[in-house]
Amino acid sequence: MCFVNVLHRRSNYNVYDNITYGLRYQSSDPKESHSWVEWLMEELNIQNLAKRTITNLSGGEKQRVALARSLAIHPSIVLLDEPLSALDPNFREDLRDLLKKLHHDLKTTFLMVTHDFAEAIFLGDRTAIMRCGSIEQIDTVSQVFQRPATPFVAEFVGMKNVFSAVFHGTKALVQDLESQLKASPDTRHRHIGIRAEDILVGQNLPTDNGWNCFEGRIVNISNLGLYHEVTLRTEDVTFKALLTGRTMLNAQRQDRDPIQFAIDPSHIHTF
């Protein structure tokens with residue numbers, strides 16, 4: 001396990017002594033251990049901190065020292081509990097890239113707990129989504145994010161449009177709104193989900209190839225900086241679409257104006 005607070009229990013130790021503490025209880029060659037620790041410190045860019053005490057380190061430096069300390073004893077698995085959550089954005093990105101590199105170079109299994117699914121996508125090979133102490137879904141990261149198995153997982157991974165549905169062949173009925181699916185769903189499925197970024201809004205939308213085309217009204221626009229989250233309502237069903245600023249400008253629409261939007265059947269997921 002990679003604990004930062006453990007470092008403070010030996011705050012009188014310098015960084016090098018903290019990192020090598022666990023090696024005292026292993027029967028390893030001192031020269032090999034020293035070379036291994038030197039390599040770790042260089043990879044983590046903390047070789048210049050070797051003589052500093054823990055109390056004189058920043059939060060990001062403490063995270064790196066704690067990681068080096070955990071890896072120094074050659075563990076078969078490293079448990080990381082929200083390792084990036086307390087860091088500033090720049091330090092977070094640096095440490096995230098470093099974790100990716102170390103995982104690739106050392107071939108050590110990292111088990112990381114996170115609530116940030118962007119981190120999970122970037123770092124993970126497989127992921128498990130937990131709910132109330134039970135695993136809701138476990139699979140490759142791409143499969144979980146592209147094919148969530150339950151409404152809870154769908155909403156957790158950022159799917160904005162999740163509805164209860166009734167299925168008739170390749171048709172899905174949400175209240176009175178009918179949508180075409182790519183294929184007939186599993187007989188156990190009771191919901192559909194659509195990512196906000198998979199809803200096309202505006203003019204010159206595809207009307208062939210079986211796309212689902214609707215007319216609705218904009219009821220809210222939230223400016224998220226690089227994107228706008230647009231809330232659309234049609235047939236008493238409310239959708240959320242994610243548009244770039246340029247798309248919003250080209251659409252030249254205002255709140256509550258009628259607007260066309262379209263959804264590719266292959267982007268409607270069932271579960």
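Which residues does leucine 102 touch, not counting residues up to four places away in sequence?

Author: Before the answer, a word on the model itself: it is predicted, so local features need pLDDT of at least 70 and side-chain atom pairs count only at pLDDT 80 or more, while totals for chains, interfaces and linings use all residues. Residues are numbered from 1 along each chain as its sequence is written, and side-chain values use heavy atoms, with hydrogens and water left out.

Leaving out residues up to four places away in sequence, leucine 102 touches Glu43, Leu44, Leu67, Leu71, Lys107 and Phe110, where contact means heavy atoms within 4.5 Å. Two terms are needed to see where this places the residue. Buried means under 20% relative accessible area, exposed means over 50%, and partly exposed is in between, with a 1.4 Å probe and protein chains only. A nonpolar core is a set of buried Ala, Val, Leu, Ile, Met, Phe, Trp, Tyr and Cys residues joined through side-chain atoms within 4.5 Å. The largest such core has 30 residues, and Leu102 is among those with the most contacts inside it, together with Val15, Ile19, Met41, Ile46 and Leu71. At least two residues of this core come from each of α1 (15-19), α2 (30-43), α3 (59-72), β1 (77-81) and α4 (89-106); helices (H or I, at least four residues) and strands (E, at least two) are DSSP runs, numbered from the N terminus. Another core, of 23 residues, lies apart from this one and includes Phe167, Leu181, Phe239 and Ala241.

At 1.5 Å a residue, the 14 residues of α2 should span 20 Å, and its end C-alpha atoms are 20 Å apart, which agrees; the expected span is 1.5 Å times one less than the number of residues. In α2, Ser33, Trp36, Val37, Leu40 and Met41 are buried. They cover an arc of only 135° around the axis, which puts them on the same side of α2, the arc being that of the directions from the helix axis to the C-beta atoms. An α-helix has 3.6 residues a turn, so residues three or four places apart point the same way. On the other side of α2, Lys31, Glu32 and Glu42 are exposed, while α1, α3 and α4 are among the elements that cover the buried residues of α2.

For α3, the 14 residues should likewise span 20 Å at 1.5 Å a residue, and the 20 Å between its end C-alpha atoms agrees with this. This helix is mostly covered, since 12 of its 14 residues are buried. Among the buried residues of α3 are Leu67 and Leu71, but also Lys62, Arg64 and Arg69. Around the buried residues of α3 are packed α1, α2, β1, α4 and β2 (109-113). Just after α3, histidine 74 takes a positive phi of about 55°.

Close to the topic of side chains are two charges and one ring. Arginine 96 lies over the face of phenylalanine 122, at 4.3 Å from the ring centre, and the charged end of lysine 100 sits over the ring of phenylalanine 122, 5.3 Å from its centre. A charge counts as sitting over a ring if NZ of Lys or CZ of Arg is within 6 Å of the ring centre and within 35 degrees of the ring normal.

Rings can also meet other rings. Rings of Phe, Tyr and Trp (its six-membered ring) pair if their centres lie within 6.5 Å; planes under 30 degrees apart count as stacked, over 60 as edge-to-face and the rest as tilted. The structure holds nine aromatic pairs. Phenylalanine 117 and phenylalanine 145 form a tilted one, with 5.9 Å centre to centre and 55° between the planes. This pair links distant parts of the chain, 28 residues apart, with phenylalanine 117 in helix α5 (residues 117-123) and phenylalanine 145 in helix α6 (residues 141-146). Phenylalanine 117 counts as partly exposed because its relative accessibility is 34%, whereas phenylalanine 145, at 6%, counts as buried.

To set this part in the whole, the protein's secondary structure comes to eight helices and 15 strands, and buried residues make up 40% of its 271 residues.
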